[in-house]
Amino acid sequence: MRHVRRRTVRRATRLAAVGGLLLGGVMVTQAAMASETPATGTAAGGAAQSVASTGADLVKRLGTARTAGAWVDSEGRPVVAVTDENSAAAVRAAGAEAKVVGHSMNELESAAAALRSAPRVAGTAWVMDYKSNQVVVRGDRTVSASDWGRMTDVASGIGSFVRMERTEGTFTTRLNGAQPILSTGGRCSAGFNVTNGSNDFILTAGHCGPTGSNWFADNQGAQQVGRTVNSTFPGSDFSLVQYAGGKAGAGPDIVAIGDGNGVRITGVGDAAVGQRVFRSGSTTGLRDGEVTGLDATVNYPEGTVSGLIETNVCAESGDSGGPMFSEGVALGVTSGGSGDCTTGGTTFFQPVTKALAQLGVQLIVAAPSDAAQNGASPAPSEGAPQPSSSPTQAAVAPGSVTPGSTTPVTGGTAAVSLAARLTDPRNIGPGLLVIAGSLVALVATRYIRAEQDRKAYQRHYSANWG
């Protein structure tokens with residue numbers, strides 16, 4: 001395992017900082033456990049988001065004629081694509097990496113506009129690939145040779161920076177499957193809890209059901225969750241389900257991620273290319289991956305959706321509407337994609353910030369006292385979201401999780417005492433041995449535990465939600 005020593009030091013430092021409790025924050029209603037330790041060479045979610053703000057600010061300052069996007073590299077540094085050396089110098093002076101490219105954001109956006117104006121072909125999607133300075137057009141297996149040929153002609157007419165790729169699987173919305181909210185139109189995963197100040201709602205995918213859809217927590221329709229009061233699909237992909245009782249219930253800022261584990265929502269933000277993210281859904285549980293593109297357009301069979309976040313996180317039917325987050329920061333709700341969690345695939349997400357702005361609601365986040373108690377950053381002021389200081393999540397009682405009602409994450413003094421002992425200079429030798437032994441045990445059991453947690457979580461919700 002590469003970089004074990006460096007990651008051991010980081011883990012020890014983090015343990016001391018949060019008193020042994022690994023917390024984040026967000027809100028979903030299903031999932032399964034997966035490793036939450038950042039993959040080697042991948043920036044942790046909240047850190048990536050903070051770093052990415054530097055790149056985003058530089059792009060805004062320099063303008064779209066001189067830049068072509070920004071991302072977080074494998075070392076966690078902000079990188080900005082620029083079109084000239086003067087802009088590159090300005091980026092480096094600001095402490096970021098610069099990559100000189102041949103096409104500006106204006107050119108990339110013009111290419112995307114030309115693709116949108118061409119005859120629509122279901123089963124195709126495109127996204128701006130900042131790292132390669134190209135617009136990548138993908139066609140799934142449902143696209144005929146003649147339709148693909150026409151799309152290729154359109155791309156050729158735009159320029160060589162439009163790249164054509166065929167992909168396995170089919171671009172579909174992720175409806176159906178067992179999950180917490182069910183209606184006559186299908187089944188979906190609940191997303192984030194939001195409020196307008198008077199009533200509380202579930203923010204989920206728009207394709208899950210039109211306005212007026214009734215949602216239940218059981219197959220018999222006896223436990224009503226709420227009713228869809230606003231839905232947008234296609235174009236965008238989000239909807240509001242108003243709780244039947246008007247309120248979300250206790251702990252609306254907590255997201256269940258399986259087998260007694262949960263996460264606190266501490267804020268909302270925009271995704272960054274290269275950022276490590278988590279996605280939770282009723283069919284496949286908790287999965288993680290990386291943001292690979294922004295402002296993606298997908299031509300689903302039901303219609304075209306634009307402005308999506310592209311990731312390499314897997315998803316399957318029934319995961320629709322479930323939340324995507326990173327270190328307590330809400331980023332998106334699951335829209336659709338291709339592939340599955342056996343072979344892998346591409347999944348697209350509706351950005352939460354855009355949905356909140358258009359719906360006129362606010363995310364329900366952890367109160368400052370709750371966030372501080374559990375090792376997370378206090379809830380940020382509106383308009384200035386900040387990530388949690390911790391990259392992982394905490395425990396909730398598995399039997400107490402229902403849509404809009406979860407058990408608050410609680411701390412413990414034992415973990416704090418352990419952290420104090422391990423970081424005491426007098427015990428540094430034994431402490432490092434304990435940490436090293438723990439890491440070996442973690443690596444040996446991670447896969448088995450992840451699968452066990454995922455299956456246990458699915459069994460739990462199958463019993464409670466059909």
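Does Asn133 count as buried or exposed, and at what relative accessibility?

What we have up here is a predicted model, where local features need pLDDT of at least 70, side-chain atom pairs count only at pLDDT 80 or more, and totals for chains, interfaces and linings use all residues. Residues are numbered from 1 along each chain as its sequence is written, and side-chain values use heavy atoms, with hydrogens and water left out.

Okay, the overall picture. The protein has 9 helices and 25 strands; those are DSSP runs numbered from the N terminus, helices being H or I with at least four residues and strands being E with at least two. Of the 466 residues, 53% are buried. Buried here means under 20% relative accessible area, exposed means over 50%, and partly exposed is in between, using a 1.4 Å probe and protein chains only. If you take contacts between residues at least 6 apart in sequence, 67% of them join residues at least 24 apart, where contact means heavy atoms within 4.5 Å.

Back to Asn133, then. At 7% relative accessibility, Asn133 counts as buried. You'll find Asn133 in the loop between β4 (124–129) and β5 (134–139), and it has a positive phi of about 60° despite not being a glycine. Asp295 is another non-glycine with a positive phi, near 55°. Asp295 is in strand β19, residues 285–300, and at 38% relative accessibility it counts as partly exposed.

Pro234 is in the loop between β13 (224–232) and β14 (238–243).

Who are its partners? I'm counting two strands as paired if DSSP finds at least two bridges between them. Going through them:

- β7 (172–173) runs antiparallel to β22, joined by 2 bridges, and Thr173 has Gly336 as its bridge partner.
- β17 (267–268) pairs with β22 in the parallel sense, over 2 bridges, with Val268 partnered by Ala330.
- β21 (323–326) is antiparallel to β22 over 4 bridges, and here Phe325 stands opposite Ala330.
- β23 (344–351) is antiparallel to β22 over 8 bridges, with Gly332 partnered by Pro351.

Last stop, a helix pair. Helix α4 (105–117) and helix α5 (145–158) pack at an angle of about 150°, with axes 10 Å apart. The axes are lines fitted to C-alpha atoms over the stretch in contact, and angles run from 0 to 180 degrees between N-to-C directions. So α4 and α5 are roughly antiparallel, which is the label for angles over 145 degrees. From α4, the contact uses Ala111, Ala114 and Leu115, and from α5, Met151, Val154 and Ile158. What kinds of residues make up the contact of α4 with α5? They divide into 6 nonpolar, no polar and no charged. Nonpolar here covers Ala, Val, Leu, Ile, Met, Phe, Trp, Tyr, Cys and Pro; charged is Asp, Glu, Lys and Arg; the others, Gly among them, are polar.

That's my tour, thanks.

How values were computed: Angles under 35 degrees count as roughly parallel, over 145 as roughly antiparallel, 65 to 115 as roughly perpendicular and the rest as oblique.
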